Amino acid sequence: MITITANLGRDEVFSLTAEGHARGQRNENDHDLVCCAASTLLCTLANSCAQLDDVNVTYHARSGYGHVLVNNCEELWGEVSSRFRMALDGLEGLAMQYPQSISIDVDN
């Protein structure tokens, strides 16, 4: 199971972490499609936040783990917040469709 942990701006920090594997349906190349979808959302979030001026983005990814962190973004708090919320909305949609593969814990 993929466990998603999100911090949406508490203490001026935004973070989204995914740990684990979905163990779901695989494509012809033996890639887990739910893991691919979750990884794509995290990667897109990191790249989207990196496009903002004066925002410090930390992104780590490896098999079974992904982490996006943004802090010290006072000037662009609303913009960063909406990008994290959009990524989390996508992950929540995956969790609704594949509840056996993804769990989500949000700390506001």
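A residue is called exposed when its relative accessible area is over 50%, buried when the value is under 20%, and partly exposed in between. In this predicted model, Asp11 has a relative accessible area of 61% and is therefore exposed. Asp11 is found in the loop between E1 and E2, and its phi is near 60°, a positive value in a residue other than glycine. Glu12 is likewise found in the loop between E1 and E2, and the phi of Glu12 is also positive, near 65°. With a relative accessible area of 36%, however, Glu12 is partly exposed. For context, most residues other than glycine have a negative phi.

Asn7, which is found in strand E1, counts as buried at 9% relative accessibility. The side chain of Asn7 reaches the backbone nitrogen of Arg10 at a distance of 3.0 Å. When neighbours within four places in sequence are left aside, Asn7 is in contact with Val13, Phe14, Ser15 and Asp107.

Two aromatic pairs are present in the structure. In one of them, the ring centres of Phe14 and Trp77 lie 5.4 Å apart and the planes meet at 55°, so that the pair is classed as tilted. Because Phe14 belongs to strand E2 (residues 13-19) and Trp77 to helix H2 (residues 77-97), this pair ties together parts that are 63 residues apart in sequence. Phe84 counts as buried, its relative accessibility being 0%. Taken together, Phe14, Trp77 and Phe84 form one aromatic cluster. Apart from these ring pairs, Arg62 lies over the face of Tyr65, at 4.3 Å from the ring centre.

The largest nonpolar core has 28 residues, of which Ile2, Ile4, Leu16, Val70, Val80 and Phe84 touch the most other members. Two or more residues of this core are given by each of strand E1 (2-8), E2, helix H1 (33-50), strand E4 (65-71) and H2. Beyond neighbours within four places in sequence, Phe84 is in contact with Leu8, Phe14, Ser15, Leu16, Leu45, Cys49, Val68 and Val70.

Cysteine pairing was also examined, and a search of the whole structure finds zero disulfides. Cys49, one of the residues in contact with Phe84, is in no disulfide, and the nearest cysteine sulfur, that of Cys73, is 8.2 Å away. A disulfide requires the two cysteine sulfur atoms to lie within 2.5 Å, and the sulfur of Cys73, at 8.2 Å from that of Cys49, is therefore too far for a bond.

Conventions. Residues are numbered from 1 along each chain as its sequence is written. This is a predicted model: local features need pLDDT of at least 70, side-chain atom pairs count only at pLDDT 80 or more; totals for chains, interfaces and linings use all residues. Side-chain values use heavy atoms; hydrogens and water are left out. Rings of Phe, Tyr and Trp (its six-membered ring) pair if their centres lie within 6.5 Å; planes under 30 degrees apart count as stacked, over 60 as edge-to-face and the rest as tilted. Helices (H or I, at least four residues) and strands (E, at least two) are DSSP runs, numbered from the N terminus. Buried means under 20% relative accessible area, exposed over 50%, partly exposed in between (1.4 Å probe, protein chains only). A charge sits over a ring if NZ of Lys or CZ of Arg is within 6 Å of the ring centre and within 35 degrees of the ring normal. A nonpolar core is a set of buried Ala, Val, Leu, Ile, Met, Phe, Trp, Tyr and Cys residues joined through side-chain atoms within 4.5 Å. Contact means heavy atoms within 4.5 Å. A polar contact is a pair of N or O atoms within 3.5 Å; within protein, one must be able to donate a hydrogen and the other to accept it, and residues adjacent in sequence count only if both atoms are side-chain atoms.
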